[in-house]
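Work through the exercises below with the sequence and the 3D view open. Try each task before you read its solution.

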Amino acid sequence: MASRITLTVGSDAALVQRAVLAVSAAARKEDPSIQRTSIAASDESAAHRLREAAAPNLFGEGAVVVLEGIGSAGYALVAAVRESLADPPEGVFLVFTHPVGRSDVRTSELQSRGLISYAVFCLKK
């Protein structure tokens with residue numbers, strides 16, 4: 001079974017993309033019809049889009065939801081992330097990306113609460 005919650009931290013875009021593709025591939029092994037949705041944390045509608053993408057649907061289809069740049073998340077999006085992490089529906093895989101070389105308050109909170117099941121550090125040498 002693929003990890004349902006993944007955090008990538010780092011500035012190497014190629015490594016971050018590789019990690020996102022690995023989660024997507026692992027999720028597709030479980031459900032070949034799974035779709036990936038990418039959401040920029042800086043987008044005004046990010047909280048709404050995250051709630052919509054991570055919600056269970058009528059057909060029980062899974063999803064890979066990639067929240068890009070979690071470090072720029074505002075209060076509404078942080079609340080939506082907490083809701084999504086509290087009880088993620090079956091078949092939903094959440095991937096959070098953080099572009100800086102070290103964690104900040106948002107990612108530290110996720111890690112300290114034990115909410116992240118897998119972390120990938122994508123740092124340049």
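Contact means heavy atoms within 4.5 Å. This is a predicted model: local features need pLDDT of at least 70, side-chain atom pairs count only at pLDDT 80 or more, and totals for chains, interfaces and linings use all residues. Residues are numbered from 1 along each chain as its sequence is written, and side-chain values use heavy atoms, with hydrogens and water left out.

**Exercise 1. Find what Leu50 touches, skipping residues up to four places away in sequence.**

Step 1. Start at Leu50 and list its contacts: Ile39, Val65, Leu67, Leu77, Ala80, Val81 and Ser84.

Step 2. A nonpolar core is a set of buried Ala, Val, Leu, Ile, Met, Phe, Trp, Tyr and Cys residues joined through side-chain atoms within 4.5 Å. Buried means under 20% relative accessible area, exposed over 50%, partly exposed in between (1.4 Å probe, protein chains only). The largest such core has 23 residues, and Leu50, Val65, Leu67, Leu77 and Phe96 touch the most other members.

Step 3. Name the elements. Helices (H or I, at least four residues) and strands (E, at least two) are DSSP runs, numbered from the N terminus. Two or more core residues come from each of β1 (5-9), α2 (46-54), β3 (63-68), α3 (75-86) and β4 (92-98).

Step 4. Look for another core. Apart from the largest one lies a core of 9 residues, including Val20, Ala27, Ile34 and Phe93.

**Exercise 2. Is Ser84 buried or exposed?**

Step 1. Locate Ser84: it sits in helix α3.

Step 2. Check its contacts. Beyond its neighbours within four places in sequence, Ser84 meets Leu50, Ala54 and Leu94.

Step 3. Apply the cut-off. Ser84 has a relative accessible area of 9%, so it is buried.

**Exercise 3. How many salt bridges does the whole structure hold?**

Step 1. Use the rule: a side-chain nitrogen of Lys or Arg within 4 Å of a carboxyl oxygen of Asp or Glu. The search finds 3.

Step 2. Take Glu90 and Arg4. Their closest N and O atoms are 3.9 Å apart. Glu90 is in the loop between α3 and β4, Arg4 in the segment before β1, 86 residues apart. Glu90 is exposed at 62%, whereas Arg4 is buried at 19%.

Step 3. Take Arg49 and Asp43, paired at 3.7 Å, N to O. Arg49 is partly exposed at 29%. Asp43 is partly exposed at 31%.

Step 4. Take Glu83 and Arg51, paired at 2.7 Å, N to O. This pair links helix α3 to helix α2, 32 residues apart. Glu83 is partly exposed at 44%, and Arg51 is partly exposed at 34%.
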